[in-house]
Amino acid sequence: MILGITGAIGCGKSTACGHFVKQGWRLFDADRTCHTLYAHIDAPLGKAVCSNWGSECFASDGTIDRKMLAAKVFNSETELKKLTELLYPALFAEMESGIARARREQVNMLCEVPLLFECGCEKYFDRTAVVWCSRELRHERLRLYRNFTEEEIIAREARQWSADKKLEAADIAFINNGGPGFLYRQIDDFIKEFCI
């Protein structure tokens with residue numbers, strides 16, 4: 001099975017994906033792949049990032065300053081669109097390659113794509129899933145574990161579908177309001193029902 005998984009920022013996608021991997025699933029992480037594509041000024045898309053948003057997006061050693069890039073991009077719909085138009089073709093090519101390999105090798109694969117529905121890539125997957133939790137819990141996690149301000153959280157959320165809209169669009173929902181064990185049991189039940 002090829003499962004696309006998404007969720008709002010701070011909902012626990014990484015926790016869910018980590019459990020799938022422990023159960024033997026292969027993982028494609030769209031964010032990590034994007035970061036690799038422009039991680040360094042010499043990376044495939046590094047020069048394009050530099051020419052669009054300036055050399056200040058890179059440290060003196062040539063590595064990306066993701067916070068600086070985020071500050072320039074996530075507060076502007078135009079700039080975010082420009083970044084996604086730059087990244088998506090390369091990202092989708094990498095994802096398609098990984099999916100084709102997983103199908104050939106007949107292994108279960110999880111594709112973590114934060115903007116899965118927003119970018120219309122649900123067509124790549126056998127099923128889609130969402131990790132969902134309450135707004136209050138998401139915001140608390142982001143403030144505590146990622147040092148986000150409320151303004152940063154709101155700016156990020158404004159650039160993607162709401163958690164509830166993602167919940168409605170997905171084939172499967174993993175509710176993450178009750179701690180890791182509660183989330184893991186839901187994932188285990190899903191794997192038993194659909195993948196064995």
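**Note on a predicted model: helices, cores and a pocket**

1. N147 lies in the loop between α6 and α7; helices (H or I, at least four residues) and strands (E, at least two) are DSSP runs, numbered from the N terminus. N147 is not a glycine, yet its phi is positive, about 55°. With a relative accessible area of 61%, N147 is exposed; exposed means over 50% relative accessible area, buried under 20%, and partly exposed in between (1.4 Å probe, protein chains only).

2. Some notes on reading the model. This is a predicted model, in which local features need pLDDT of at least 70, side-chain atom pairs count only at pLDDT 80 or more, and totals for chains, interfaces and linings use all residues. Residues are numbered from 1 along each chain as its sequence is written, and side-chain values use heavy atoms, with hydrogens and water left out.

3. Q106 is another residue with a positive phi of about 55° that is not a glycine. Q106 sits in the loop between α5 and β3 and is exposed, at 73% relative accessibility. Most residues other than glycine have a negative phi.

4. Which residues of helix α3 are buried? In α3 (residues 46-53) they are G46, V49, C50 and W53. Seen down the axis of α3, these buried residues fall within an arc of 100°, so they line one face of the helix; the arc is that of the directions from the helix axis to the C-beta atoms. An α-helix has 3.6 residues a turn, so residues three or four places apart point the same way.

5. The face of α3 turned away from its buried side carries K47 and S51, both exposed. The cover over the buried residues of α3 includes α2 (30-37), α4 (66-73) and α5 (77-105). Just after α3, G54 has a positive phi of about 95°.

6. The largest nonpolar core has 35 residues; such a core is a set of buried Ala, Val, Leu, Ile, Met, Phe, Trp, Tyr and Cys residues joined through side-chain atoms within 4.5 Å. M95, C111, V113, C121 and F125 have the most contacts inside this core. Two or more residues each come from α2, α3, α4, α5 and β3 (109-112), and α5 gives the largest share, nine residues.

7. Not counting residues up to four places away in sequence, C121 touches F92, M95, V113 and L116; contact means heavy atoms within 4.5 Å. A second, separate core has 18 residues, including L3, W25, F174 and I187.

8. F117 is found in the loop between β3 and β4 (127-132). Is F117 buried or exposed? F117 is buried, with a relative accessible area of 7%. Leaving aside neighbours within four places in sequence, the contacts of F117 are T6, E122, T128, W161, K166, A169 and A170. F117 and I5 are 112 residues apart in sequence, and their C-alpha atoms are 9.9 Å apart in space.

9. In helix α7 (residues 150-158), the residues I153, A155 and E157 are buried. The buried residues of α7 pack against α6 (135-146).

10. The lining of the second largest pocket consists of E77, L80, K81, T84, Y88, L115, E118, C119 and R159. By class, this lining has four nonpolar, one polar and four charged residues.

Note on methods
On a 1 Å grid over the protein atoms alone, a cavity is a set of points where a 1.4 Å probe fits but cannot get out, and a pocket is an open set with protein on both sides within 12 Å along at least five of seven lines; lining residues have an atom within 4 Å of a point. Ala, Val, Leu, Ile, Met, Phe, Trp, Tyr, Cys and Pro count as nonpolar, Asp, Glu, Lys and Arg as charged, and the others, Gly among them, as polar.
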